[in-house]
Amino acid sequence: MATKDPETEAEILDEEIEALKAQVSSLKRKLKVQSSTLLAGDAARSAIQASSKARNPARVALLDHTAKHRAHIQQCLYRIASSITAFKVQDPDPNAVDGGHVLGLRFEIMSRGQFLKPYYVMLNRPYPNSTLLRVHRHTVPPAVPLAGLAARHLPEARADGEEPKPQDLERFARALRREIVRYHNRLGVSADLRRALGLQDPAAPPSSENAIVNVGLADIEAKQIELTWADERSGRLVMDDDGKVVKLAVFGKQGRDWTTTSQLFEKNDRIEDVVQKIQDYAAG
């Protein structure tokens with residue numbers, strides 16, 4: 001009777017241990033979410049408060065935990081309802097224009113069910129005897145056309161002394177947030193494409209020569225996604241401002257691969273359709 005190789009048995013055990021660790025981590029995350037949801041509810045809070053053991057340390061800890069979760073929920077609701085907020089800032093520089101008065105705009109962005117780090121735009125009034133605003137500082141990604149939006153909605157004072165067009169701060173803020181959301185939608189398409197094609201593990205071998213081995217952004221605006229096949233063919237997937245696929249091009253050693261392009265993309269295809277066609281093409 002053949003005996004198993006000790007190294008093979010060790011590898012199998014290691015894989016089982018890693019799988020169990022991943023399962024435990026997943027269960028812990030689910031437990032944390034479910035317990036937070038229960039403790040933040042009115043029924044659980046009322047039941048804890050109605051407990052006769054007023055000085056019980058466990059009761060005090062539960063009430064504190066409940067209060068923190070309720071505060072977190074309230075903060076999330078506020079961030080969802082008020083995606084753009086304005087606030088005043090005092091510039092500490094003694095030589096700052098307009099006495100250091102700065103107007104700040106905070107932009108809340110959500111992606112994949114989670115809040116991202118907010119973006120900020122600071123505006124000041126650098127023109128004497130004028131209320132015209134100008135972008136002073138910002139944390140907006142370079143891919144977002146902030147300068148163009150400011151020129152359109154916040155025109156600056158003219159050098160010839162003529163009266164400039166009226167500024168519209170509200171339109172500027174709405175248009176800027178829309179462009180930021182579009183940018184993150186395009187980033188999400190690239191991430192979803194990698195996930196759908198199973199490219200989380202770069203060390204995993206390709207299933208066939210027609211399988212894609214790499215997906216990455218090809219431009220700073222995240223409007224083009226570069227695809228690489230196992231047989232060294234490359235492709236470009238082009239999206240519009242909102243992340244919808246508008247074009248796909250495949251290139252081989254002999255130039256443009258029109259046959260593969262027609263198999264993988266048709267007009268009005270969504271990203272889900274492209275992913276399904278790529279998977280079917282890799283499977284043969």
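Begin with helix α5 (residues 169-196) and pick R182 and E179, which both sit in it, three residues apart, or about one turn of the helix. (Helices here are DSSP runs of H or I with at least four residues, strands are E runs of at least two, and both are numbered from the N terminus.) R182 and E179 make a salt bridge, with their closest N and O atoms 3.2 Å apart. The term means a side-chain nitrogen of Lys or Arg within 4 Å of a carboxyl oxygen of Asp or Glu. Both residues are buried; that is under 20% relative accessible area, while exposed is over 50% and partly exposed lies in between (1.4 Å probe, protein chains only).

A word on what you're looking at: this is a predicted model, where local features need pLDDT of at least 70 and side-chain atom pairs count only at pLDDT 80 or more, while totals for chains, interfaces and linings use all residues. Residues are numbered from 1 along each chain as its sequence is written, and side-chain values use heavy atoms, leaving out hydrogens and water.

Next, jump to D269 and K277, another salt bridge, with the closest N and O atoms 2.7 Å apart. D269 counts as buried at 12% relative accessibility. The salt bridge count comes to 15.

Time for some strands. Select β9 (residues 234-239): G235, L237 and M239 make up the covered face, and S234, R236 and V238 the uncovered one. On one side, strand β8 (residues 224-229) runs antiparallel to β9, joined by five bridges; two strands pair if DSSP finds at least two bridges between them. Click T228 and you'll find its bridge partner in β9 is S234. The β8-β9 hairpin has four residues between the strands, and E232 in the turn has a positive phi of about 75°.

Strand β10 (residues 245-252) also pairs with β9, antiparallel over six bridges. Here S234 stands opposite F251. Last stop: G243, in the hairpin of β9 and β10, which has five residues between the strands; G243 takes a positive phi near 90°.
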